[in-house]
Each structure stands twice: as C-alpha cells, then as structure tokens.
Amino acid sequence: MNAILNAQFWFFVGITAGIFTILGLGLQLQFGYAGLLNFGHVAFMAIGGYTTAILVVKTGMSLWIAAVLALLVAVPFSLLLGLPTLRLRADYLAMTTLAFAEIVRYVAINEEGLTGGSQGTINLAGVGTATNYNREWLAMIGTVRDWLEPLLGDLASRDFIMLIIVWTVAIAAIILVQYLVRSPWGRVLKSIREEEDAAAALGKDVFRFKQQALAIGSVLGALAGVFHAFQFSFFSPADFVPIVTFFVWMVIILGGTARNWGVPIGAAVFAVLFAGTRFLDVPPFSWLESDERAYLRMIIIGLALILLMMFRPQGVLGKREEMVLE
Amino acid sequence: MSRQPLLRVDALVKHFGGLRAVDHAAFDVTEGTITALIGPNGAGKTTLFNLVSGFLREDGGSVHFGDQDITRAAPHDVAAVGLIRTFQQPRVMTRMTVRENLHLASKDQPGEQLRNLFINRRATRRREREVGDRAEDLLQLVDLTRVADDYAGTLSGGQRKLLEFARALMPEPRMVLLDEPLAGVNPTLGRRLEAMIEQLRSEHDVTILVIEHDLPAVMRISDQVVVMSDGRVIAEGRPQEVRRDQAVIDAYLGTHADIPDPGEDLP
Amino acid sequence: MSELLQLIVNGLMTGAILAIGAVGVTLVLGILRLLHVAHGDTIAFGAYAGLLVASAFGDNMVAGIVGAILATAVLAVGLDYILWRPLRRRQAGLVSLLLTSIGLALVLRHAIFWVVGANPRQYPLDLLRVFELGPVRLSLSQVIALVLASASILLVGWLFARTNIGKRMRALSDDFSLAAVVGIDVNRTILLIWALSGALAGLAGVLQGLVRNSFNPNLGFQLLLPVFAAVVLGGIGSAYGALAGGLILGLAMEVATWDGLLGGVPASYKQVVAFAVLILVLIVRPEGVFGKAELR
C-alpha cells in the first residue's frame, strides 16, 4: 500500500520518465528549435512500435533488426507529413499534424490484418492467436538479470534493467541533440524559428531544414515507441491517442522549451504526476474510486497546463529572454 | 569606367487583385556602383525588392543577375548567387546573440549540413573559425563589439540597423539590396552608415541598390538614381539629371517633397 | 437508391451539426486568432448540460435544449473573464493560447466524465418512435434535430446578414485597435463573440445528442477535427463559409460510404474523410471556398 517506499514503483516512474524524455527531445527539436507546431508526435511513436511488432510477427525477423528498421521507416513518414504541411502557418500546421496522427490511429484500428485492429498487437497473427513479438527482448533482459542477481539481489528486476537501458539511450539522445543544436546546423534552425524570411534572404533553404528537424524528431518519437513496445510487450491503438502528444507538450513546457537538459526534468515531473497519481494512495486520490482518480489526474494536468501558460510560460526551468512561447 | 550591368530588371509586373503594384518596371544596375531607388510612398519600391529577391512571384517580366536568370528563384537561391537583401524593419534574431546573428549569415558553412557534423568535423571547425574572424571584423566596422555577446533582442533600434547591415555583408555578397538603411536613424549614425555604404563600393567592390527617402543622402552618395512612381520607372540617370527631370518633379510635387541639389550640403 | 437518400439525410444532419459548431470556431479563430481546441469539449458540455437540465425539469426536452444553449453560453463568457482576457492582457502568443485551449479541453472533458460517468447516456425521448418519409427512416429525436438545426442555420444566417453584430465582428477581425478607435466597444464585442460561440456549441451538443442514440463524453473531441475541417473548407473567419463548409463536409462524410461509389468508404473511415478534407484544403486552397486569400 505504501508504494512510495517500493523501489519497483519508482523504477516504473523512471522508465516512464525516460520514454517521455526521448519523446520530448524529438518534439523539443521540432518546436523549441525549429518552431514547428507538431501536434501529431504520437503518430511516430505508433509507427515505431507497430513497425517493430509487425515485422517480427509477420516476417519472423529478429527483433533488433526490426527495431532499427522501425526507426528508419519514421523518416519517409515524416517526409510524407512534411511535404504538404511544412509551409503552412503555425496553427494550420497544428491542425494538419493532428489530423495526420488521427489517420494513423484510425488505420491501426481498422486494418486488422496489418495491425491486429483495435484489440492490439495480441491479434497480429490473427484473431484468437495470442502473439508475442517481444520474446528476444525478454530473453535478453532475463540473461542480464541472471548476471546481475548475485551482485544486486532483489534490486535486479526487469524494470531496473529497463530503467538503466532507457536512460542510457535517453542521455545519449540528449547529448546528440545538444550537439546538433549547438552546431551551425542548429543555428540555422534557431534562426528559422526567429525570422524565417531573414534566414531565407541569407541563403538558408528553410524548407529543407524544417524537414530535417521533423525527420530527426520523428525518429526520436519512433525510438520512444520501440521502447514502449519493449516495456509492455503489448499495445493497441488506444495507446496512441492525441492526449499523449499533449502530454509530451507538457513535458517540454515544464522543462522550458529550447533547453535540452530541461526535458528530462520535465519528463520526471510529469512521470511522477502521472504514474504517481495512478499508484499512490495519498489523499486526495485515496478518497476516490479508480476511474475518478483517472479523471482527476487529467483535470490536474489540464489545470497545470493552463496555469503554466498564465503564470510561467517559459516553463519551470526556462529563462524569460529565451522564451519561445512569445 | 564602363562596366556591365550586374542586375537587369526587365518589364517586371506584379498585380495584387486589381492593383498594379509594379507596372513593367525596367532598369539596370551597373556593377560596382551605388544606385538609389527613390519615389513617393506606394510607388512599388519594396515590392520590387521582394520580386527581385524571390519573396514574391512575378506576374510578368524577368530579372537577371550577371548572366543568370533569377526570375523564378526562391529567396535562398537568390542569396546563393551573391545577391543579399535587408529589410525595412530590421529582422534580427532576437533570441540569438549579436555574434550568432553574424555567424549565421555566413555562406559556405559545411556545418550546416547534417552529414558534415559527423564525418567532416575538422572542416566544420576550421570554417567556423574563419567565420568568427570575419564576424569580428564586421563587428568592429559597425562598432558593435561591445554588445557582441548580448542577445540581439536587447539592442536599440539604431544598433539593430547596424547589425542588419553587417549581417548582410557576412556572406561576401556581390550585390546588396538595402531597404531604407537610414530610416529612423539619428543624423550621426546616418552619416556613419553613408560612409560605410560608400566604403562598400569603393574598397570592396560591392554593388548596391538602395531604397531611400533621405533624398540629400541619396544625392550625395549615388552614382545612379532610378525613380519609381505608381509602379513604373519614370526616370533613370545621374542624380543631377534626375533632379531636373520634369516627370520626377511632378511625381514629388504631388507629395510636397523637395528634391535637393546634390551640390548643396544641407544642414 | 433509397440507401443513398438515407445517407443524404444523415449527411445533412451531420452537416448541420458541423456547420453550427464550425460557426463558433471560425468566429473565434478569425477574430480572436485562437484555435479553440476546447470547442469540441464545449459542445460535449452542451450535450450534457441539456441532459441534466432536461431531467431536472422532469424529462422536459424543451427545457433541456434551452438550458444547454444558455449554460454553454454562460460557460464561454465566464471563461473569457477568467482565462482569455488575462491572457490577452499579457499579450500571450498564438502557441500559449493554443496550449491553454488544450488544457481547458482536458479539464472540461474529464470534469464531465467525473460528474456523469463514462456510461453512455441518452435524452429522455421515445427511441422507438420512427418516422418514415418515403424510403428514409428517422427517429423522433432525429426529426427534432433536423427541424431545430434548419431553424438555427437560418437564424444565424439572418443574424449576420441583417444585424450590426456581423459588421462589428468583421471590423474587429481586421484590426483590434483600429476598431476601438472607430468606436466599437472591443471588450463587449468579444463577449458577444464568446456568447454566440458558446450558445452555438451548446446547440450543436444537444443536436449531436439527439442524432445519436446514445452518447458519451468523448463526443466532443470526436467532432473537433471534422469541425476544423468544415471551418477550413468554408474559409476561416467566414460565418457563411462555416455553415456551407459544415453541410458540404457532413454530406461528403456520409455519402462517401455509399457503395455506389466503387464500394464506398468503409463506415469506420468516415472520420478519415474529414481528416483528408482538412489536410487537402489546407494544402491546395488554404483560404477555403469562401475565404479571401491571405497575403502572407
């Protein structure tokens, strides 16, 4: 009952934070640096997860190769999204990216033969045959666990190992994005966010840079989707509803947009808020039924977003001068 | 000194709905000269700049830069052939430092291509150093060295004008289109800018086309003057000739502006 | 053929709801420059307000409809005082407003969930009573919805054609400060815009509840993107455009499933028709059918 002292609970929060960090970095690059109002980010999480699972189940491919392909596949999808939409004004771009993500979700729900339909990946090999795409991952974790158990005892759980792996990748991603953003390439990106026309007048191919930011951000989104697939061994279209994109927006705002090291902190705060309120038995949540808790959680997230916009649009960590939200 | 026209504008046309903003405008800008584009408000001067620099699509006519047809070129392609424009209201990147604004503007940066960030890092770093040196020189030219590492958003209006000007020079352009560089600028700063513009032409052989309303300044520094009114070019020639042209006087009399004698040194 | 007629009637009903919802969105977007993502959940609020008022008055549907319209209008106006006005004072940018609207959407939707629960609900009308007009079958609630929707659309059209309100709103959409100089009370006009937008949202919610046999609090978000598509189709800022766009889109969504059209779109992909329209219009003709081309 007292979940606060339970290490496994915190590992789970940590994993959620790690996955949201990776998602957040992608969106950060697209919005915080390139100024793209992407409201379809969750679509790439879906593309990453589904491509992995589909390739493993339908073609018998190795999970590792499937995961790499899933990341690569995000790029042409981002081109598909970007080509018609990147020239649009900010709020129109928001609408079209949202519509794009919903199309992806509807396809996932309806194309049962491809995706297992609304029931999710359990039906990937056909209704009635429960499939598991995740065998290799679980086997690997099992091996690592056997290796760690004599050293760490009870601590060496699946979630602990997952936590280390996710955060290693997340930190590597932060370093990579930081490197990109500090480079001349990143400088052009920032200039496009600031004064697109002036950047073009100085010789920068604005469309190409935006497309590249969209593509890299999408690959990061797909990477988060792959980890999601690893962690839960099963997912359905309901995991990729628009609210998830809004969660990622919250993460980058909390951390202060245009600050890469703010993203993991925003993700951590969000993960505690989200996973914490699901499992912790603290008032006021302990007074409520489980479905009411879910509603209250959402209400709190919505209120937090509103309050942030009203009183601290630069985020918890951001500086006023660097405020990207005008 | 007889040189070739670097910029050739031929029968350029642009409509906005029923309005003819630019109506078969045609003129040349000789290489290595300062040409002023003047005319009453609404004459179509900035629209012409936008057409030449690729921000607007022509409804007719053509633009040639050297031997290249840049009529349909996008803004970044126009910049790539060496034609750089500034904006009437300075568009500095407020959330980047002054120095970053300058570094950004440089051309031929391998670090702007993603692959060079991973496989050709030495060339990237070398070029960045060269860019840094040039930025330092330009900072000194416009006397912004003191604020080099401040956010451009903290600069005053006059300082932003200077930054916009310096930034346009970073990519070593063959020609610059200056949109009202002296507007809203105090007289001392204005004289400095005039001197810098002349220096550009004389020492660096940069061709300049400048929109200006400060007619005394125009008369002082221009080699050629092109006058526009109602979207058309109504006069083209040396400052003295244009000043005496009846069509020009009529166009300006309509707006109660006096065209000064280039020989006078007005207070 | 009879199937096609039924689809056309369904399409007009869907279209009417989209049209009424779209007018609210287009006004707020065109004049206040706010992409009101919370409009969908405002519509849901209307549907449920109607439900609660109707049962409070002894299952009186008329009371429910009036209650829905009033309650939602009051909500919208109240939110201007609490949220939008302070944000306008702080000169909040496009993105801040958008994110606030998203936060508001989350709060509204889940507050509704909390109060009424997730179980599907329906209005207190006889579901079994069916009218047959030729080959077309309509339930009692659908007939009520059809009549109400037609009347409302005509009323809104008249409102913008004949009265001063439309002119004032149009003046505001061009330039806030200029409108103030000319003597237009900016704050009061903004309140009017919210009141109208809210009232229409409430009406749209009730209509949606009538048209569907049962509904849940997600009905708002489900309508959001189709409403946006209608707004864009009709041209942002144009009330007439929103009406026309809504009707055309509603028809397109339903008729697209007709098997006379090469088998037709599967019914579950109806929403995707709206998404596709949204994306295509923004790419090909962003000013919509009735809008004026925006100079960048």
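**Stop 1: the nonpolar core**

Start with the largest nonpolar core of this predicted model. That core has 283 residues. Select Leu207(C) and Leu278(C): these have the most contacts inside the core. Now select helix α10 of chain A, residues 206–232. Helix α10 gives the most to this core, with 15 residues.

Go back to Leu207(C). Which residues is Leu207(C) in contact with, leaving aside its neighbours within four places in sequence? Colour Ala16(C), Ile17(C) and Ile20(C). In soluble globular proteins, nonpolar side chains tend to be buried together.

**Stop 2: where chain A meets chain C**

Show chains A and C together. There are 2 pairs of chains in contact, and A and C share the most contacts. On this interface, 33 residues of chain A touch 35 residues of chain C. Pick out three helices of chain A: α4 (90–110), α11 (242–254) and α13 (290–311). Each supplies at least two residues of the side that touches chain C. Colour that side of chain A by class. You will find 25 nonpolar, 3 polar and 5 charged residues.

**Stop 3**

Now bring chain C back. No contact joins chain B and chain C. Their closest C-alpha atoms lie 9 Å apart.

**Stop 4: chain B as a whole**

In cartoon view, look for 10 helices and 10 strands. The C-alpha trace spans about 60 × 45 × 40 Å along its principal axes. Why does the radius of gyration of chain B, 19 Å, agree with a compact globule? With 267 residues, such a globule would have a radius of gyration near 18 Å, so the 19 Å of chain B agrees. Of those 267 residues, 43% count as buried. Next, think about contacts in chain B with a separation of 6 or more. Residues 24 or more positions apart account for 67% of them.

**Stop 5: a sheet in chain B**

Stay on chain B and find an open sheet of 4 strands. Their order is β2-β1-β4-β5, and the pairing is antiparallel. Select the edge strands, β2 (19–30) and β5 (68–69). Each of these pairs on one side only.

Zoom in on β4(B), residues 60–65, beside β5(B). These two strands run antiparallel, and 2 bridges join them. Show Phe65(B).

**Stop 6: two positive phi angles**

Select Ser233(A), in the loop between α10 and α11 of chain A. Its phi is positive, about 60 degrees, although Ser233(A) is not a glycine. Is Ser233(A) buried or partly exposed? Ser233(A) counts as partly exposed, because it has 15 C-beta neighbours inside 10 Å.

Finish with Asp143(B), in the loop between α5 (121–141) and α6 (157–169) of chain B. Asp143(B) is not a glycine, yet has a positive phi of about 60 degrees. Asp143(B) has 13 C-beta neighbours inside 10 Å, so it counts as partly exposed.

Note on methods
Residues numbered from 1 in each chain as written. Chains lettered and ligands numbered in written order. Predicted model: local features only at pLDDT ≥ 70, side-chain atom pairs only at ≥ 80, totals over all residues. Contact = placed C-beta atoms within 7 Å. Core = buried A, V, L, I, M, F, W, Y, C linked by C-beta atoms within 7 Å. Buried ≥ 20, exposed ≤ 12 C-beta atoms within 10 Å, placed from the backbone. Pairing = 2+ DSSP bridges. Nonpolar A, V, L, I, M, F, W, Y, C, P; charged D, E, K, R; others polar. Rg over C-alpha atoms; globule rule 2.2 N^0.38 Å.
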